[in-house]
Each structure stands twice: as structure tokens, then as C-alpha cells.
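Here is a note to read beside the model, written as numbered points. Please keep the sequence and the 3D view open while you go through them.

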Amino acid sequence: MKQYMVTRPLYSEDAFADVHEKIHRHHKTVRLTKNGVCVNCSCDLKRAKNAALSLLPFIGWMRIYQLKEWLLSDIVSGVSTGLVAVLQGLAYSLLASLPPWYGLFTAFFPVIVYFFLGTSRHISVGAFPVLSLMVGAVVTRLVPDEGPPVNITGFEGLTSDEQRVMVAASVTFLMGIMQLTMGLLQVGFIVMYLSDTLVSGFTTAAAVHILVSQLKFVLGLVVPGLSGPLSIVYTLEKIFVQIEKTNVCDLVTSILIMVVVFIVKEINDRYKAKLPVPIPIEVIMTVIACGVSYAFNFRVNYKVDVVGRIPVGYESPMGPNMQIFGQTAVEAFPMAIVGFAVAFSVAKVYSVKHDYIIDGNQELIAFGASNIIGAAFKSFAASTALSRSAVQESTGGKTQIAGLLSALIVMVVTLAIGFLLEPLPKSVLGAVVIVNLKGMLMQIREVPYLWRRDRPDCVVWVVTCLASILLGLDLGLAVVWAQISKYLKKTNITGTDIYKDRKDYMSIYEPEGVKIFRIPSPIFFANIDFFRGKLVGFNPLRVLRKRNKALRMIRKLLKKGELQMTSKGLLLISSGPIEESEDESNMEELDQPTDFKDLPVQVNWNSELPANIHVPRVDVHSLILDFSAVSFLDISALKELIRVEVEVYIVASYILKKLHSCMFFDDEVKSSMFFLTLHDAMLHILEKHPVNSENTKVCEKV
């Protein structure tokens, strides 16, 4: 057994401070000027340019826009997404308890604003079912279906629908103010720490609420909108009491729509690699339903509730109602959090896939401004829907030019051809909403997995889901936890086995390529981005995908004979242009460990590669994580690092037994990476990666 011996003075805190000089750090100060508050303010041309690019991200990607290669794809994507946005806008308006055409406003104004301010090139901005339902809960609380509305100044002389529009616009405006404020204060990181478990349980509960809310349209029943604790129970009671009054035409139409849409969506998913674009089955079925309803006069002959009159054009803008602000502040905050968290999660997926960076704080500013301006023109809360964003990306969308074109399609419907949708049965919209809930409802399959891997996490999922179902979405979100990560970068105090904050001391020893962090909160899906960016300094998944793409290219060139093995390594012998493959059909393969078994040489990723292949450098070879205060962690964060050849060592004896019991370890994540102390881990690293330097003064092994 290897040993090390420590010889150093016995330190009290005061004695240690006397021997080892601390660095006095200067913190940012806030200075009050005549014009207001200034935080270390200074400005020059370069900073002004960077500020403009940061605040208006579209300038950055417009400068690199490849007109010939991207424009046609953006046009196809924009038209496809626009048609889906029209349909979903009408459908999600019903969730918000508003007349259907206000969903068209939500699919237009926020999209225009996001085009200029957003950093994601692929998400489709507009109505999101969970947010729409949360807006609907506020609307029906202040303007109920049965009984008088809440006494609010400004309601006088307005119809019930106009009162509801005022409520929805005002709460959306307040939600936008909250998002914009968080973005300007650079506190977007707070929203990112909603754990994956929490979000999954919450969205599953939201899907249940949405399903129940659409039953009245599917069955053709008149059921008042309810809100508050146990509202879902009372709604089901009112539905089953009058179940014998079900409109058979509505029910048959809904079932037919759901079956056809579900089958075609499964075909789209199964054959997505072979289909040039997904079959727009929702749009097709909506057109057919409109035609059949008009031909057989469903509204008169079968008493079917239809969309009805859709006014031509846009309405005059209006300001928010301050009294409604006071009534809805409690609901507006969780709406702001959920709306951004969902949109940011979807944006992250596409940014990783297409290799660009999104800014969480700028996204908050973009959605805040989108909701504020949208609310002024009577749209309701906007975020993104995964299904609509998937259409925009899968049909070839490259930038938000596709989003802008989708808004133009919505505008054409609003200004010119909206009357064609007037005979559309509301049961069709309800059926479309329900069939799109599949992804959220199927999240319940996570429960058995969580029970086996991490029971506290499983309890969080179940409690979140049940609380959100029974108490309502706003209260349900309030009864569960969210953890905010803090971290401390540590280093060795020269000549000792003591590790302190590297920013506080001058006599420190930092081996090149080694990083040490103490993290007091769990590593899981929600804070993996924080873990990657702030601690490691790079995104390991992005690096892994770049490396695997590079290996694909090297194999391709070797097979063609354009690349040969020499004594100096791989040599490009072709003088022609090398085109990088855009094939994204095997994205799963890019996430696997790099495989050199069929190559004549192992690639040194930090050296210059042939054929102008560029892969981000990784200057860290070892990472020590002090998890002594952590109760659980997510294995995926560690695997990503290991697959890019970063050795991970963990100090966390407290959770070692728990990790063994839940089968945490495998061929990549092994128990041998766990050490008793930071110093044990450091000495192990120094043995594997010797540092030949006279300045190396760390307690040596004997």
C-alpha cells in the first residue's frame, strides 16, 4: 500500500493567516452618480459593439447568413411552422379561456420581437399549453363562467370576453416585466436550477390538467372553467354528472382526429430519416374537418360548437390594468419561471445539436420583451412548444428567418383568410391538443427508473406531480425544492496537505491541467450547464461530438485515399476542397466514446489536425470534485467528461455506499475514482501525470 507523510506546523486559523499571506480582493462597487447608479462603468467603441451584439443577437447570425444554402430551407420551414402555429394558436386559446383568434396574436407579435432579441436560431416562439392553462386559471378566477367577475376598475362596460382578454394581457405584461427584470439583473441562473425531476413531475401534472380541460370540447359539454385547489376534481365531477348529454358528433370527430393524427405522428417519428419533411397531419385534418363541417353545417344540424367569427385584422393596443397586477402577481411569477425554463431547455437541445451558444440572461430579456409587447397587442403568455419547435428544426430551419416567415403566414390568416376557419369544430382543436400531450404524459415512465436509482428524487417527482394536480400548477410549483449551485475553486497551499480557496492565497501550488472544486449541492440535469461552463470551462458533450465528427471525416478521407499515414502522423495528399458532412441522422453515435480501433493512429486532439479539421482544445486532464456535502449526483455529467479523456476523481465517502446500492458504477464510471481526501486524489494524479519542476512543493509520498 502506498503511503504519504505530512510534516508541517500545527496551525490555528490565526497562525495559518500569519504564515500564508492572503490576497485582498477588490469587489465591484456601486457608485451613485447624478444620473443614477453606476457599477464600475466605462465605455469604449469595442464595448459598445459587444453590447449591441449581445442585446441584438440577430446581427451576429445575419452577418454569417449563407443566402444560397439557407434561404430555401428557412422558407420551407417557415411555411410549415406557420401553418402549425395557426392551428396551435387557435387550440391553445381555448386553454387560456379566451376567444380562439387571440392565439393568432400570440403566434405573431412575440415571434417578431424574439427575432431581434433571441439567441436561439431554432425554437418556435408562441403559445405553450402549460402556460396557456396557467393563464386560463387566472382568467377564470377573475372572470368566472358562472357568477359576476371580481370587482376591478376598468371592467365597466366590457363584455365577458373583453374582460378576460384584459386579464390575460395584464398578467402576461406582468410576467414579461418579471422576465425582463431578471434578465437585466443577470439572475437568469436562478431559473436554470429547476431540477429535471421537478420539471418532469410538473409538466406531467400540467398535461393531466390540460387533458381534463379539453374533455368538455371533445364531449361537446358546457362545463364552467374552474381554478384553485382541487379544481380538477370538481371539473371531472361536473363532466360526469352530465355525461349523458355528450354530443356524439363531437365525440366521433375527436376520436377520428386523434387516431389519425397519432398514427401519422408515429410514422413521422419512425421514418424521420427517410421523410424529407414531416407529414403536416394536424393541418391536413384541420382543413378536412373545416370542409366537412361547412358542407354538412355541423353548427346547425348537429349542435356542434365551432370557432365562429374571426375578426379581420389586429386590435388597437392597450395598456395593462394596475389593479389586475395586484390580483395576479402570485401567479405571474411561476408563469415567468416556467415559461423561460421550458423555452431555455428546448433551446439548449438545438444549440448543442447545431453547435452554437445561447445566453440565458439574453433569453430572459427576449421573452420578457416579447411578452410585454405582445400583451400590449392583446396576446397572451408566450414561450415555446416542443412539437412546434421540432417542426421548425426538422423541416430544415437554419435561423429565426424561419420564425419570421411563420409569423407572416399567421398574419396572412389574420388579415385575409381567417374566415375559412370559422366552421372548424372546437372539438377538433381539443383533439389536437390532447394528441400532442403524449410526450408529457409518457414522462410517468420515469418513476420506476427513479425509484431504482434515487428514491429521494423519485419522491420529489411524485410529490411535485400530485401537488400540482390537486393544488393547481402555481401552488404545486411552490411546495417542491429547487437547489442553487455554489462552488469553491480550491488549490493546494504550498508545502502542506491543506486546500483553500485559490483566490485568497498567494503561496499556492496548481499543477497544470488539474482543477479542484468543492460543490455543496447535487449535480443533476438542472445545473449541469453551470457545472460545465463555470467549473470545467467547456461543454464536454460539444467537444465529444466535434471529435466524433472529426473521426468520421478522417475515416472518410482514409477510405478515399486522400489521407495517408506517415512518420509525422496523418498527411493530407488531396488539394481539393474538403466538405464537412451535414448528416445529422446518427446523432446518437456522436454521443458515444471515441473509437480508434480501425484507425492506424490514435489522434492527439490538442495537436493540429489535417484537412482543416477543428476540434476545441481541452487543457484539463484531471478534475477533483469535493462532494463530501452532496447527497446525490447525475451520472451523465461525469460520463461526458470521461468520454473526452478528462479523469474525474471524487471525494465523497458519504454517498459511496448509496452509489453501490443503486448500481451507479459501470465500465466508464468506476468506484476507483473515489478517494478519501483531496490530498490522496492529488497525489494519485501527480503519480499518473508527473510534473518536472523545481517549484513543485506538495507533500510527497514515501
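1. A nonpolar core, as the term is used here, is a set of buried Ala, Val, Leu, Ile, Met, Phe, Trp, Tyr and Cys residues joined through side-chain atoms within 4.5 Å. Buried means under 20% relative accessible area, exposed means over 50%, and partly exposed covers what lies in between, with a 1.4 Å probe and protein chains only.

2. Some ground rules come next. This is a predicted model, in which local features need pLDDT of at least 70 and side-chain atom pairs count only at pLDDT 80 or more, while totals for chains, interfaces and linings use all residues. Residues are numbered from 1 along each chain as its sequence is written, and side-chain values use heavy atoms, with hydrogens and water left out.

3. On the overall build, the protein has 28 helices and twelve strands, where helices (H or I, at least four residues) and strands (E, at least two) are DSSP runs numbered from the N terminus. Of its 702 residues, 50% count as buried. Among contacts between residues at least 6 apart in sequence, 79% join residues at least 24 apart; contact here means heavy atoms within 4.5 Å.

4. Which residues touch the most other members of the largest nonpolar core? In this core of 100 residues, they are I123, V130, V135, V167, I210, M335 and L429. Helix α14 (residues 322-354) gives the most to this core, contributing 14 residues. A second, separate core has 18 residues, among them V618, V620, F627 and V648. As general background, nonpolar side chains in soluble globular proteins tend to be buried together.

5. Leaving aside neighbours within four places in sequence, V130 is in contact with F202, A206, I210, V338, M440 and L473. V167 belongs to helix α8 (residues 160-184), and V167 counts as buried because its relative accessibility is 0%. With the neighbours within four places again left aside, V167 is in contact with V138, V139, L142, V143, F155 and I324. V167 and V135 are 32 residues apart in sequence, and their C-alpha atoms are 8.8 Å apart in space.

6. T140 sits in helix α7 (residues 129-142) and, at 5% relative accessibility, counts as buried. A polar atom of the T140 side chain lies 3.3 Å from the backbone oxygen of A137. Beyond the neighbours within four places in sequence, T140 is in contact with S97, R164, G225, L226 and S227.

7. The structure holds 17 aromatic pairs, meaning rings of Phe, Tyr and Trp (its six-membered ring) whose centres lie within 6.5 Å, with planes under 30 degrees apart counted as stacked, over 60 as edge-to-face and the rest as tilted. W61 and F115 form an edge-to-face pair, with 5.6 Å from centre to centre and 85 degrees between the planes. Because W61 lies in helix α3 (residues 58-63) and F115 in helix α6 (residues 109-117), the pair ties together parts that are 54 residues apart in sequence. W61 is buried at 4% relative accessibility, and F115 is buried at 6%. Elsewhere, ring pairs link W101, Y102, F105, F108, F109, Y314 and F377 into a cluster.

8. Please also look at the cysteines. A search of the whole structure finds zero disulfides, a disulfide being a pair of cysteine sulfur atoms within 2.5 Å. C290 counts as buried at 7% relative accessibility, and C458 counts as buried at 3%.

9. Finally, two backbone angles deserve a check. Most residues other than glycine have a negative phi. N297, although not a glycine, has a positive phi of about 50 degrees; N297 is in the loop between α12 (281-295) and α13 (298-301), and at 33% relative accessibility N297 counts as partly exposed. K378, also not a glycine, has a positive phi of about 70 degrees; K378 lies in the loop between α15 (360-376) and β4 (383-384), and K378 is buried, with a relative accessible area of 17%.

Conventions:
A polar contact is a pair of N or O atoms within 3.5 Å; within protein, one must be able to donate a hydrogen and the other to accept it, and residues adjacent in sequence count only if both atoms are side-chain atoms.
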